[in-house]
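My entries follow the display.

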Number of protein chains: 2
Amino acid sequence: MVTWSNMDTLASFGELLKTEKINLAEAMSGENGAQRVRNYTVPMAEGMAYNYAAKQVDEKILEALAKLAEEAQLSEKFKALYNGEMINTGEKRLVLHHLTRGQLGDAVVADGVDKRAFYLEQQEKIAEFANKVHAGEITNAAGEAFTTVVQIGIGGSDLGPRAMYLALENWAKVNDCFKMEAKFISNVDPDDAAGVLNSIDVSRSIFVLVSKSGTTLETLTNESFVKDALKNAGLDPSKHMIAVTSETSPLAKSDDYLAAFFMDDYIGGRFSSTSAVGGAVLSLAFGPEVFAQFLEGAAEEDKLSANEDMLKNPEMLDALIGIYERNVLGYPATTVLPYSQALSRFPAHLQQADMESNGKSVNRFGEPVNYPTGPVLFGEPGTNGQHSFYQLLHQGTDIVPLQFVGFKNSQIGTDVVIQDSTSQQKLCANVVAQIVAFACGKQDENRNKNFEGGRPSSIIIGDSLNPKSLGALLAHYENKIMFQGFVWNLNSFDQEGVQLGKVLAKKVLAHDTEGALKEYSDLMNI
Amino acid sequence: MVTWSNMDTLASFGELLKTEKINLAEAMSGENGAQRVRNYTVPMAEGMAYNYAAKQVDEKILEALAKLAEEAQLSEKFKALYNGEMINTGEKRLVLHHLTRGQLGDAVVADGVDKRAFYLEQQEKIAEFANKVHAGEITNAAGEAFTTVVQIGIGGSDLGPRAMYLALENWAKVNDCFKMEAKFISNVDPDDAAGVLNSIDVSRSIFVLVSKSGTTLETLTNESFVKDALKNAGLDPSKHMIAVTSETSPLAKSDDYLAAFFMDDYIGGRFSSTSAVGGAVLSLAFGPEVFAQFLEGAAEEDKLSANEDMLKNPEMLDALIGIYERNVLGYPATTVLPYSQALSRFPAHLQQADMESNGKSVNRFGEPVNYPTGPVLFGEPGTNGQHSFYQLLHQGTDIVPLQFVGFKNSQIGTDVVIQDSTSQQKLCANVVAQIVAFACGKQDENRNKNFEGGRPSSIIIGDSLNPKSLGALLAHYENKIMFQGFVWNLNSFDQEGVQLGKVLAKKVLAHDTEGALKEYSDLMNI
């Protein structure tokens, strides 16, 4: 039986607060630093590793974090989650996205069906559909093959699938499994849909409408936009659109779509990349086998997350170190810095996954918490970021904990040797150099050129970015976020904070305004 | 004569600390709130306005901020800057990016030339070159017109020009001045260059190599990458490449380029969008007239920045409110949220412009400062962000001050009516709703659905996003950052914090490593 308690009521958190802090610059110097790099590493799936040598922890702090993980019952709570207990108490829902890629525990039956079987069935239906599109069995009315897939969705129906598509686009091209280009329409700004539609041949495009409820205003609006474009081109929209939705939504059994694939209420938008939401567009773009490999990587990492030993559980460890940085060291923001251009939008996805899950001020019982919860999260790929905001990270007045992601090999394999090294070697050398520069700093008499160091970072190292390692990387962050939510005693799976804006926007559109709302509306000519 | 003093030594800052704070939710309620929206607004260039009704200020706080602006001599310092005093003391350089778009004060002569004339000459040379390309007078060896322009640059040579290109791409298409598609190669990750090169017809592409010093390793590496691709296609690289660099760089008078256009040491990378760095790619993509309009908008806004009355100076006012939020209210991060898909990468540019300029711990004399300086800055376009990280902004434990940007009209003009409103109306209604939701909140007995409000935002409102308003918007942020640097007594125009990483990366590539650096290098197989 698990107990849900606020973090600051746990004895182990009190102990953690009293544990002596370390001097990172000192710890990372000389042979001591080398030893930390060798020792402070945990294997992840697909040959990856989470290395936390340059974090502000030592044996004593790790011990205190492990006690906190134990007292907060993180393993038991994860087990309860994947065994189908109702973890999303706010919305009274199970949390089942892990089941889209594997089964860690008991069979979970909900709404009268085995949920693992249900998600597998959807994956298979999508595979069948995608294979038919690729084989030219499903075509446009003129019998021509579809060449482009366009996802219409917002938030979790956009950021995750888009980031995953970009992460694998070049990999798929090199590995002969690139089937179709994918585009994404998300914003209610009409320039988003119009811009994308102007850039494609609609007659050769298949559109994936993604909305769990079938009522997301942005998405329905953009659907109409697309339907107009198809009709204006003399085409039948119902022959160009598929839906990804819940079985109970108005989109589920409509003649407006070539096919409908299902997710359900137990999969939150920001955790839906491994469900039909990511499945449809990724299977169409790269083939179902690639999507299946992506799921395999995620499933493999999920298994590691189930390990009760924090030091062997990369997600739990990363989560706890984040808690230490947020609640003991008091750092308000964090950044994820992938040294891989293919991961250019991965931080934007994590920004949603993390900030929407844990950016909350009340615990799972609706009571205010007395400690900071989810931090601001941002990031851009390296080495680009080095020439942008790293100045503040190195010499700014606030410390921002960092997480690097780096791969030994590039995806495309084309490279060039300049000054005796390849670009890939330069890329890897830069990420290594940054970790040490941030941790150790460098004294200079000219204070303007002085680096204090003591700025913590970790790195996830992999051989290469491919469907499996991408799946593992995604699962890493999903599970890290979940564990942090458990420690903070939050419900990480609802998002009530997005509601008020929706309500007020409706008032504006209905001209039901007064006070400031009316004045702003007037200013904007609404 | 101006005096450079740390902010905490100014009497007016002490006064500001003592000024009573306001209750924003209360202030923004009812008729009082409506009046604030009407009154707390300053005209900007191109019919835009900066509205700060929903910021945590009132008459007393504004008065205190104006006194701080006066005691910190912001107007005098700006005047000194644009009249050519050496403001970048670290690198001993003038700061002249304003001269690329107009002349606010005295003629500035440096290196024996009138700098305004020099920048104009470069703009004209670029215009001539671009016109010849568009007229088919400059073509590839086969006599075919160039169809694509590819910028090779990183940091300021990438983020600004890229953001500006994306901001105007659809506008140009609708307004019949779209000349060529632009692409950008920046990252040393070989997959960046390889991915872009695989996506274009190199025989029809013209490449713009941008490096002030002519020694930026990433950029030279990517140049080699591109040259290899051109040679592999049987093409002569020197017929496909132009350079934007300083007159003293090795690139300046090389036969390797069709043409070279110049910037100089008085224009920092992150402030170079209005110089030849932005000029070449934007003039090729949209025509020189569009680039000229962009400069006009920036020049118009610069003039407003020269106003000594803080309440009539949108940049100074925005800067001072930011100081209040950072140094009195203690907010560590800030976000810019453009309700315009065309501005999708504008926040990434601001992230560099702001964090690289003011993310510093020592004042302009190299002495440590005792107060927080530049905040973390991030952002994504609305309404996308609403479905992503806004949860934390509304209900997280930390307050993040916001700045919205919104336009009454879309760029493309294609729209659709759903539920009695257009998408553009929905977009505008959403931004208005968000401001009020953040400021006023809404009480709910269910604490999970409760919104405390009191979360400050401002908005820049314009009619539409076009070259002129984009120029004004860019100048707004550039000048705001400059004013904040003046208040914090920083040198906002160097970036010593990026150096240590470069030095260590070279050590790694030379295998001159030990300790942690060696261990990490081994892990990454370098």
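Entry 1. I looked up which element contributes most to the lining of the largest cavity in this predicted model, and found that α16(B) gives the most, with 5 residues. I then listed the elements of chain B that each supply at least two residues of this lining, and they are α12 (314–328), β10 (333–339), α13 (346–358) and α16 (467–488).

Entry 2. I noted that 21 residues line the largest cavity, and that B:Gly322, B:Thr334, B:Pro375, B:Lys480 and B:Gln484 lie nearest its centre. Sorting the lining by class, I have 10 nonpolar, 5 polar and 6 charged residues, around a volume of about 250 Å³.

Entry 3. I turned to the second largest cavity, which holds about 190 Å³ of space. I recorded 19 residues in its lining, with A:Gly322, A:Glu325, A:Thr334, A:Lys480 and A:Gln484 closest to its centre. In chain A, the elements that give two or more residues to this lining are α12 (314–328), β10 (333–339), β12 (402–407) and α16 (467–488).

Entry 4. I asked which element gives the most to the lining of the second largest cavity. I found that α12(A) does, with 4 residues. The classes in the lining of the second largest cavity come to 8 nonpolar, 5 polar and 6 charged residues.

Notes. Residues are numbered from 1 along each chain as its sequence is written. Chains are lettered from A and ligands numbered from 1 in the order in which they are written. This is a predicted model: local features need pLDDT of at least 70, side-chain atom pairs count only at pLDDT 80 or more; totals for chains, interfaces and linings use all residues. Side-chain values use heavy atoms; hydrogens and water are left out. On a 1 Å grid over the protein atoms alone, a cavity is a set of points where a 1.4 Å probe fits but cannot get out, and a pocket is an open set with protein on both sides within 12 Å along at least five of seven lines; lining residues have an atom within 4 Å of a point. Grid points are joined across faces, edges and corners, and a volume is the space filled by probe spheres set on the points. Ala, Val, Leu, Ile, Met, Phe, Trp, Tyr, Cys and Pro count as nonpolar, Asp, Glu, Lys and Arg as charged, and the others, Gly among them, as polar.
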